[in-house]
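Please look over the structure shown here.

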Amino acid sequence: SSLRQPFTINDEQVFITASIGIATYPNDGDDVFTILKHADQAMFKAKEQGRNRYSYFTHSMQVEATNRQQIAMELRQAIKNRELEVYYQPIVNSETGKICKAEALLRWNHPTEGIVKPEKFIQIAEDTGLILKIGQWTFKKVCKQLKKWIPKYGENFQISINKSPKQFINRSASLKWLKRLKKNNLSGKNIAIEITEGLLLDNNEKIQKHLLMFRDAGVDISIDDFGTGYSSLSYLKKFDIDFIKIDRSFISNLENEPDNLALIEAIIVMSKKLGIKTIAEGAETQYQNNVLTKSGCNYIQGYYYSKPIPVKEFDKLVTRHNEQL
């Protein structure tokens, strides 16, 4: 409470908050090093829970920290051992019914656990800095795949790829992506970079410059999970956003929650007036697909068409699906 009070520095008021981790002797350790380590873990838990709060150390935190260290160590080996693989989920044009886009999604072929989804390891990759290496590897794979798919599926075929805030503020990483596009003679329009609403709200000059750098290269920008974060409406035109991905939480229970349909329709109408195309995530039923199509959503993505699948399965799916139209 005391730290929340404004500080006056050079005639300016500065506002800060504190995240506090608490460990006690002797329950949480019998030496200074152990107690400080456990207090540090508790502090990070306070940050994860939203900051500006305190958290007591629990032994489950130690288990969690050990697990994270183990995953980080195995992830480093996974890169060397080529255990990572890019899966693709189709994105369908609601007007033509054709698969014209795909989202690249990372999977880890773990030697003992099988297929591991990114929710389990991406945040750890972010925290350890491994995300930069993984991001470069993923983009290289996507470009290589685009070279094969464009002659088959058309010059406008596009793959969207997620780019985390840590990747975005790294100028070297962004430049490497653009150089790889040029090296492979690919158009920027064959790539859509997915970012979160929160990234646009960060008044960071580096982020703004990198966004404009990608825009100048012709790369499309897509706002992922739209509607779940802070409002970024004032930023949509400032950065000339191409796509809004309506979050799956609005779609998953569309049959039983009519208010969700009103929100979806409002997002679609707003987007059209701003010249932005919409993609609905998480469509799983024919009803959801029909409602989204009728509402004017431009593209639809979800298990109704396919889960994320490996390259060979994706090839078969696109050929079979598009030939039936």
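Strand β6 (residues 99-110) gives the largest share of the lining of the largest pocket, five residues. Strands (E, at least two residues) and helices (H or I, at least four) are DSSP runs, numbered from the N terminus. A pocket is an open set of points on a 1 Å grid over the protein atoms alone, where a 1.4 Å probe fits, with protein on both sides within 12 Å along at least five of seven lines; lining residues have an atom within 4 Å of a point. The largest pocket is lined by 44 residues. Pro118, Ile122, Asn162, Asp224 and Asp225 lie nearest its centre. The lining has 16 nonpolar, 14 polar and 14 charged residues. Here Ala, Val, Leu, Ile, Met, Phe, Trp, Tyr, Cys and Pro count as nonpolar, Asp, Glu, Lys and Arg as charged, and the others, Gly among them, as polar.

This is a predicted model: local features need pLDDT of at least 70, side-chain atom pairs count only at pLDDT 80 or more, and totals for chains, interfaces and linings use all residues. Residues are numbered from 1 along each chain as its sequence is written, and side-chain values use heavy atoms, with hydrogens and water left out.

Two helix pairs come next. Axes are lines fitted to C-alpha atoms over the stretch in contact, with angles from 0 to 180 degrees between N-to-C directions.

| Helix pair | Axes come within | Crossing angle |
|---|---|---|
| α1 (residues 32-48) and α2 (residues 59-80) | 10 Å | roughly 85° |
| α6 (residues 171-183) and α8 (residues 205-216) | 11 Å | roughly 5° |

Helices α1 and α2 are therefore roughly perpendicular, a term for 65 to 115 degrees. In α1, Lys37, His38, Gln41, Ala42, Lys45 and Glu48 meet Met61, Gln62, Glu64 and Ala65 of α2. Contact means heavy atoms within 4.5 Å. The residues of this α1 and α2 contact are three nonpolar, three polar and four charged.

Helices α6 and α8 are therefore roughly parallel, a term for angles under 35 degrees. Arg171, Ser174, Leu175, Trp177 and Leu178 in α6 meet His210, Met213 and Phe214 in α8. That contact divides into five nonpolar, two polar and one charged.

Glutamine 288 sits in helix α11 (residues 286-294). Glutamine 288 counts as buried because its relative accessibility is 2%; buried means under 20% relative accessible area (1.4 Å probe, protein chains only).

Overall, the protein has 12 helices and 13 strands. Of its 325 residues, 46% count as buried.

Technical notes:
Angles under 35 degrees count as roughly parallel, over 145 as roughly antiparallel, 65 to 115 as roughly perpendicular and the rest as oblique. Buried means under 20% relative accessible area, exposed over 50%, partly exposed in between (1.4 Å probe, protein chains only).
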